[in-house]
Amino acid sequence: MKNRNMRISEEIKKELSQIIRELKDPRIPQMTSVLRVDVTPDLRFAKAHISIMGTDAEKAAAIEGLTSAAGLVRREIGARIDLRYTPEFTFVEDNSIEYGAMINEMFKKGL
């Protein structure tokens, strides 16, 4: 069962990345990546971990834009992936890429 959930999460991640690129909302920058999608075992809810390049205000606006487009995203996922239930999405900002870049810079400087 766990393996099935992982496959579904990966498929949703792939499609979600494509859908986000197609969104016309000006609040969502081009440098927006889906890092991970966690789906509940009953497939009713999904939490998408999103990496956004930009200032804190741009990141907050992008998350707001994605949240407002959650219904459209859900409908598109339902059309692209054949599941019994299409999950409701919540979007959370993930700073792990920026954190990794900061650590890498610290190593380069010898700190």
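How many residues does helix α1 have, and how far does the helix reach from its first C-alpha to its last? Helix α1 spans residues 2-22, which makes 21 residues, and reaches 30 Å between those two atoms, close to the 30 Å expected at 1.5 Å a residue. The model is predicted. Its protein chain has four helices and three strands, arranged along the sequence as α-β-β-α-α-β-α.

**Overall form**

- The C-alpha trace of the protein chain spans about 50 × 35 × 15 Å along its principal axes.
- The protein chain has 111 residues, of which 35% count as buried.
- Among contacts in the protein chain with a separation of 6 or more, 65% are between residues 24 or more positions apart.

- The buried residues of α1 are Asn5, Ile8, Ser9, Ile12, Glu15, Leu16, Ser17, Ile19 and Ile20.
- An α-helix has 3.6 residues a turn, so residues three or four places apart point the same way.
- The elements against which the buried residues of α1 pack are the strands β1 (32-39), β2 (45-52) and β3 (88-93), together with the helices α2 (56-68) and α3 (70-80).

**Nonpolar core**

- The largest nonpolar core contains 26 residues.
- Ile12, Leu16, Val37, Ile50, Phe89 and Phe91 have the most contacts inside this core.
- At least two residues of the core come from each of α1, β1, β2, α2, α3 and β3.
- Helix α1 supplies the largest share of the core, with five residues.
- In soluble globular proteins, nonpolar side chains tend to be buried together.

**Aromatic residues**

- The structure holds one aromatic pair.
- This pair consists of Phe89 and Phe91, which are stacked with 6.1 Å centre to centre and 15° between the planes.
- Both Phe89 and Phe91 are buried.
- Beyond residues up to four places away in sequence, Phe89 touches Ile12, Leu16, Ala46, Ala70, Val73, Arg74 and Ile77.
- Arg44 lies over the face of Tyr85, at 3.6 Å from the ring centre.

**Loop between α1 and β1: Asp25**

- Asp25 lies in the loop between α1 and β1.
- Asp25 counts as buried because its relative accessible area is 18%, and the cut-off for buried is under 20%.
- The side chain of Asp25 makes a polar contact of 2.8 Å with the side chain of Arg27.
- Leaving out residues up to four places away in sequence, Asp25 touches Gly65 and Ser68.
- Asp25 and Arg4 are 21 residues apart along the chain, and their C-alpha atoms are separated by 33 Å.

**Loop between β1 and β2: Leu43**

- Leu43 is located in the loop between β1 and β2.
- Although Leu43 is not a glycine, its phi is positive, at about 60°.
- The relative accessible area of Leu43 is 6%, so this residue is buried.

**Strand β2: Ser51**

- Ser51 has its place in strand β2.
- Ser51 is buried, with a relative accessible area of 5%.
- Apart from neighbours within four places in sequence, Ser51 is in contact with Met31, Thr32, Ser33, Leu35, Asp94 and Ile97.

Terms used. Residues numbered from 1 in each chain as written. Predicted model: local features only at pLDDT ≥ 70, side-chain atom pairs only at ≥ 80, totals over all residues. Heavy atoms only, no water. Phe/Tyr/Trp six-rings, centres within 6.5 Å; stacked < 30°, edge-to-face > 60°. Buried < 20%, exposed > 50% of the residue type's maximum accessible area, 1.4 Å probe, protein only. Lys NZ or Arg CZ within 6 Å of the ring centre and 35° of its normal. Expected span 1.5 Å × (residues − 1). Contact = heavy atoms within 4.5 Å. Core = buried A, V, L, I, M, F, W, Y, C linked by side-chain atoms within 4.5 Å. Polar contact = N/O pair within 3.5 Å; in protein donor to acceptor, adjacent residues only side chain to side chain.
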